[in-house]
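Please look over this model with me.

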Amino acid sequence: MSEILDVDAIPTRWRELHDSFGAARAQARGSDPAVLTDRGSAVVLTAPHATKHYRAGGLKQADLHTGSLTMLAGEVAHVSTVVVTRARAEWETWDERDDEFTRHLRDLRHPARMVVDIHGMADHHGPDFCLGTGPQPGALEEMAVDILRTELEPFDVAVDSPFDASPHYTVTSLAQQHLGLAGLQIEVAARWRSPHDDAAAPAVSALSSALTVVDELLRDAA
């Protein structure tokens with residue numbers, strides 16, 4: 001069962017988690033640390049770009065507030081989360097990457113069935129959410145897309161455009177091609193990602209509720 005959290009209470013809880021994420025970043029030690037919250041769910045949310053990160057040989061800026069957003073959605077939907085708290089090591093392929101984030105994902109066991117990777121996109125792309133189905137989508141990805149498009153109405157939900165999550169470096173690719181799990185990427189527009197803007201609460205509430213439905217149906221899916 002998901003946590004009961006009224007939409008009006010979301011901004012306060014989100015700001016608390018924003019502060020918690022900041023504290024986790026300040027206390028981060030070791031090689032590219034990440035925080036796992038295991039709720040024994042079929043869906044596992046990830047936030048690989050919650051801090052500055054390497055991609056294609058370059059250091060990229062963080063997808064702002066995706067760390068606290070993922071923590072909040074996981075708490076409300078009662079699904080597991082893996083959130084990067086510091087990322088400094090360069091890498092090119094998943095085979096060579098060995099840090100806390102990837103170890104947490106490689107250690108996933110039943111009932112985990114799908115990794116849902118949370119990213120942030122700029123508002124100029126248009127949609128409120130973009131669902132990327134990755135390089136090898138199957139029946140579970142198709143089911144999740146159908147659920148999310150329905151549950152996220154009346155928000156504008158795009159599929160595979162402008163981001164399809166197919167490149168080799170995406171977490172969706174890792175899940176589908178290396179972990180034997182289903183994978184889906186969700187890009188969230190910047191206008192819905194600030195814990196300091198109470199107007200973002202309805203979108204986060206809708207996403208959390210939708211993820212609850214996905215998790216429940218994945219448990220029963222063949």
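1. Ground rules. This is a predicted model, where local features need pLDDT of at least 70, side-chain atom pairs count only at pLDDT 80 or more, and totals for chains, interfaces and linings use all residues. Residues are numbered from 1 along each chain as its sequence is written, and side-chain values use heavy atoms, with hydrogens and water left out.

2. Helix H5. Helices are DSSP runs of H or I with at least four residues, strands are E runs with at least two, and both are numbered from the N terminus. H5 spans residues 171-178 and is mostly covered, with 6 of its 8 residues buried. Buried means under 20% relative accessible area and exposed means over 50%, with partly exposed in between (1.4 Å probe, protein chains only). The buried residues are Val171, Thr172, Ser173, Leu174, Ala175 and Gln176.

3. Its cover. Strands S2 (43-47) and S6 (114-121) are among the elements over the buried part of H5, as is helix H4 (139-151). Glycine 180 follows H5 and has a positive phi, near 70 degrees.

4. Serine 68. This residue sits in helix H2 (residues 66-77). Is serine 68 buried or exposed? Serine 68 is buried, at a relative accessible area of 1%. Leaving out residues up to four places away in sequence, serine 68 touches Trp14, Leu17, His18 and Pro195. Contact means heavy atoms within 4.5 Å.

5. Glutamate 90. Find it in the loop between strand S5 (80-84) and helix H3 (100-106). Glutamate 90 is exposed, with a relative accessible area of 55%.
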